[in-house]
Amino acid sequence: MATIRRRKQPEDEVEQRPDPKLDEDDDKEEKASKRSEKKNKSKNYSCIDNCCWFVGCVCSAWWLLLFLYNAMPSSFPQYVTEAITGPLPDPPGVKCLKEGLKVKHPVVFVPGIVTGGLELWEGHQCMHGLFRKRLWGGTFGEVYKRPSCWVQHMSLDNKTGMDPPGIRVRPVSGLVAADYFAPGYFVWAVLIANLARVGYEEKNMYMASYDWRLSFQNTEVRDQTLSRIKSNIELMVATNGGKKAVVIPHSMGVIYFLHFMKWVEAPAPMGGGGGSDWCAKHIKAVINIGGPFLGVPKAIAGLFSAEAKDIASARALAPGVLDSDLFQIQTLQHLMRMSRTWDSTMSMIPKGGDTIWGGIDWSPEEGYSPSKRKQGKNDTKLSIQNESASKVCESTQANYGRMVSFGREVAEAPSSDIERIEFRGAVKGNNVANNTCRDVWTEYHDMGFGGIKAVSEYKVFTAGEIVDMLEFVAPKMMERGSAHFSYGIAENLDDPKYAHYKYWSNPLETKLPNAPDMEIYSMYGVGIPTERAYIYKLTPAAECYIPFQIDTSAKDQNEDGCLKDGVYTVDGDETVPALSAGFMCAKGWRGKTRFNPSGIKTYVREYDHNPPSNFLEGRGTQSGAHVDIMGNFQLIEDVIRVAAGATGEELGGDQVYTGIFEWSEKIDLKL
Amino acid sequence: MSLLRRRKRPDDDAPQPPHTAEDDDKKGKSQKKSAKKKRRNSYSCVDNCCWLVGCICTTWWFLLFLYNTMPASFPQYLTEKITGALPDPPGVKCVKEGLEPKHPVVFVPGIVTGGLELWEGHECAEGLFRKRLWGGTFGEIYRRPSCWLQHMSLDNETGLDPAGIRVRPVSGLVAADYFAPGYFVWAVLIANLARVGYEEKNMYMAAYDWRLSFQNTEVRDRTLSRIKRNIELMVEINDGQKAVIIPHSMGVLYFLHFMKWVEAPAPMGGGGGSDWCAKHIKAVMNIGGPLLGAPKALSGLFSAEAKDVAFARGIAPGVLDSDVFHIQTLQHIMRMSRTWDSTMSMIPKGGETIWGGLDWSPEEGYIPSNRTHENVHNSFCSQNESDSKVCQARNPNYGRIISFGRDVAELHSSKLERIDFRGAVKGKNLANSTCRDVWTEYHEMGFSGIKAISEYKAYTAGDLLDMLEFVAPKMMERGNVHFSHGLAENLDDPKYAHYKYWSNALETKLPNAPDMEIYSLYGVGIPTERAYVYKLAPTAECYIPFQIDNTAGDTDEHVCLKDGVYTVDGDETVPALSAGFMCAKGWRGKTRFNPSGIKTYIREYDHNPPSNFLEGRGTQSGAHVDIMGNFQLIEDVIRVAAGGSGEQLGGDRVYTDIFKWSDKINIKL
């Protein structure tokens, strides 16, 4: 319409031009000048007018649509979806309800890292007006409005790993803590809604939210979170007729709950003093969803260079953006500085060293060709549908054991050809960073050129060496971390030193509680390439920059190759490799072992990733991705069945798509 | 600008006709032109609209942008400019004095203020799973009113969930921090406690479903057990420091019930042992507690209206009565609220002994303008002597809580002719069947029943119970299982072990906890409903037969009768007598209601309305809910939570004649 009007105006003017001829001559000049003035003005106006007019049109249209949207019956989107994709299956809650399943066992959710909301209870001046507003989770509005203030408040104290003075950021409590991470991005909400269908409500559902930035024991020290969880589980068991609880931890919550189970039975003051049969009395089953039992390689990349696959591929797409000072504050460095104050990230450093993750020349997953796995040990028919959709990658004998290699040729060379120079004890050299960078670099500015060179000349790091390397690179952080976490394998579990809390979250250094009736499930998604090993390079010497970077130029030519943007991938749920999520239940705890002295039954249930077929399905009902799996109908159904009283046998025992049992065989661990 | 353009166009068009040269083209052209003109005109209308909308939107965005870029301290700066420097909020003040968190704090919200959310519902409530039905924006009331009513109602027989519907209380501090966006309840108190260092590990909101009878919250949701466990937990993780409980409004009664429940043996009680309260509770700070009930509850139950509704009816007669809203608003609300057992907990308790008989009442003859000089322990009150006249009573008979007709209300009792309604035949059903679903109780009354009620003329607090039983037998039957409104003769009677007595302060003993303290904190200085003048409604078919007679009002501004309602001093909802009596007399010292001699304190807060709109709901308010933002009260709470005792706060602080009124009440102690 705007164009029509613009075209019309000239027409008017053309028609007017002949006028003056017939008009009185004396008025002519006056009028003409007036008119031109008017014309000028009207042109001026018409521009603003047109703008206003345009905005008005857009607004009106928007309102109309909004009105229609609101007036639309709420079943309409579902109707459209069904018209396109055919009738949707019943949500698992409805299905179970129809089968007559009912509330039986109270349910406890243990959220993972990152997904739980954090809110401000006390802050500096710059956070004025945000009391009890979410700093983490929700809309993240404050990140954009006041980024440096936000970073300051989200960081913990560098020395103690607790609150910095004058700042109190606390976990949100209740189901709202982690039902949605951001508006519209569900985490637990779908599971909660389906459980509610069979009759669950807040008296038998509990969200064990905790401050996921703290080390596990510190959540008890600062917030008494472990005590609260203990008390709430006791309460729920007592008010539900003595029915034991079903605990559902997700992601880091899995190792948090491992810690809890040791804590609750340990004597006070270090533990909760619940007695050695607390777990046996209060827990029916632990349903671990996507648990990084043995750690995740992604955590290394995060700690080492504040980047993971996503960032590395972003850098490959638009080189220079992240490196430049475009954002004024050097984004990555600040993120790194913040996340390095979070002790909890260290809980996910790969555990078990070379025994589990492989050495320079071998790894449990190598030689596995994912296209064959379909014919393997499937217990359900589900897999037949999606044979083609989930090729993870065709490995060309990747040396997964070399978790960090400097340069691609190193990653692929046979071990005899690699010359490594020991970095331990190397002189770190003088300080590279000038003073202006000091506040950004909390750790690297102690390193100096010598140190950086020493690290890169060691060339290849296996899982066992990585812990040493991190201690070399970030001594302060690791000092804090090693007070709270341990990454080894126990030789002798009866050694009294294992009574210390730093071992409680490592399944390879603890025994499971004495609870023969309990069940432990490992549920995780498979069929998505998951980070397993990295190729690094030294950064071109920028002054205030993180000295190491993932070498995004290293990739296979083949599309389906395992090496992409400098990252070797294996099968997993995009964050946790299947090995880490499944090994303990597949082998470490299977039957009576030294890690599982009472013979708790374990089940491995894998869910094959099947991406949503169209955008109407949102994040899909058959997803296997780390967080999206919380909306996987199959998984939800399993959870509901267990909550309603079923055992692992009744679910159908193991359900496996990967070679997890074969890989586990290759791992030589004393049981 | 739109004017300019419109004016210009005729200018352009006018000079054209005279000079058209070619005659043959003339017609065609003019036709074309007129068509064009028309089109242009019609465009210009739409255009102008769009243009206007655009202007408004742009300005709006601009203002929004400015608002967002405005530094957060700006409004405060502005307020300070106008009203002078604001006092420090009490939290900051206490931090400066060095107070620190000591005792864990438990909030017990009152009726209405707690949020309720949907867990299971019918088809019509689709998409509202875990959304608030009560509290928040109340958007659903407007969108699907009948669905909303259906889901908010409870079962008429059991007082529990109707089939297929589960509405549950919101849990956590969010349950009652804000009732609606911007309308705080506990938020200010929470914020101030947080300044001193409180956080969620030592603050707990004991949210419960306020529609249920108290014992049913345990039966259905295990709420009492949860509160017990959470208090135990908080005491445990805070180094054994006992908890400070802060109930508000009906929460006060709920917590009375809790204290009896927790020490009673299982299965009826919580089995905490007879020293549970002594071990876990340092102080109970009742805020605006209707310990003896509130007359407002009566009018709500009797005719679904209170002062506000009667007042609205006075202003715009006919609106509420007509079927404008399609569903007959009041009847539906009445039907819904009558399924809520909890409303019955607030029926005035203690009968004529407490609330007065036909010819006397404790408050009568009290002249509010004098009261500020008496019994005041601090200098605070001298500021606001003039602005707190509640009303000049000319001997109203407050004891007659309901009178039919104004003349009856003022007549001397000897001249009153009353015909007993008890046992009157209710007569045949006057409601036709279409009304039946709206009238749950009245449709069984019939004309003669209604007549019998009105001919009894005046009801005292004691008569009222009988009357309600006559009018709403089903509701009262349910209610009598859960609540009692009497006055115990002998507290050791074994019948008082039943839970229905636990929320009545006059039929229970306080727990054996000599170190505990009980506070009554409440606002005064606002006219509060105390007695009503009723009339029969003009016989509309489906209508509630009784109405407050809003024509009954004194001509003088400062009098006690207005729009058919007699008022006394109080916090707008609870009369001072109800909030203060137990702490002023019933529990003072060692009495039979307080065998262990728990110390009691009365702290009244004189109402001082906000001086300008920038202050919002004021920092010196005494109104029932707004008092939660009263700086003075918050400071008192913080001091107690930080370890202060009642003596350190300054003991009693009284503006009304609560002690004199209490003296007039003849109760065996």
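Buried means under 20% relative accessible area, exposed means over 50%, and partly exposed lies in between (1.4 Å probe, protein chains only). This is a predicted model, where local features need pLDDT of at least 70, side-chain atom pairs count only at pLDDT 80 or more, and totals for chains, interfaces and linings use all residues. Residues are numbered from 1 along each chain as its sequence is written, chains are lettered from A in the order in which they are written, and side-chain values use heavy atoms, with hydrogens and water left out.

**Nonpolar cores**

- A nonpolar core is a set of buried Ala, Val, Leu, Ile, Met, Phe, Trp, Tyr and Cys residues joined through side-chain atoms within 4.5 Å.
- The largest such core holds 158 residues. A:Phe109, A:Trp188 and A:Ile248 have the most contacts inside it.
- Helix H11 of chain A (residues 252–265) gives the most to this core, with ten residues. Helices (H or I, at least four residues) and strands (E, at least two) are DSSP runs, numbered from the N terminus.
- A second, separate core has 157 residues. Among them are B:Phe214, B:Met259, B:Met336 and B:Val640.
- Contact means heavy atoms within 4.5 Å. Leaving aside neighbours within four places in sequence, A:Ile248 is in contact with residues including A:Val107, A:Phe109, A:Trp188, A:Ile287 and A:Val639.

**Salt bridges within chain A**

- A salt bridge is a side-chain nitrogen of Lys or Arg within 4 Å of a carboxyl oxygen of Asp or Glu.
- A:Arg402 and A:Asp361 meet in one of them, at 3.6 Å from N to O. The pair links distant parts of the chain, 41 residues apart. Both residues lie in the loop between helix H16 (353–357) and strand S10 (404–406) of chain A.
- A:Arg402 is buried, at 2% relative accessible area. A:Asp361 is partly exposed, at 45%.

**Salt bridges within chain B**

- B:Glu232 and B:Lys228 form a salt bridge at 3.6 Å, N to O. Both lie in helix H9 (residues 223–237) of chain B, four residues apart, about one turn of the helix.
- B:Asp359 and B:Arg400 meet at 3.4 Å, N to O. They too are 41 residues apart, in the loop between helix H15 (351–355) and strand S10 (402–404) of chain B.
- B:Asp359 is partly exposed, at 34% relative accessibility. B:Arg400 is buried, at 1%.

- Salt bridges that share partners join A:Glu122, A:Asp163, A:Arg168, A:Arg170, A:Asp211, A:Arg213, A:Arg222, A:Asp223 and B:Glu199 into one network.
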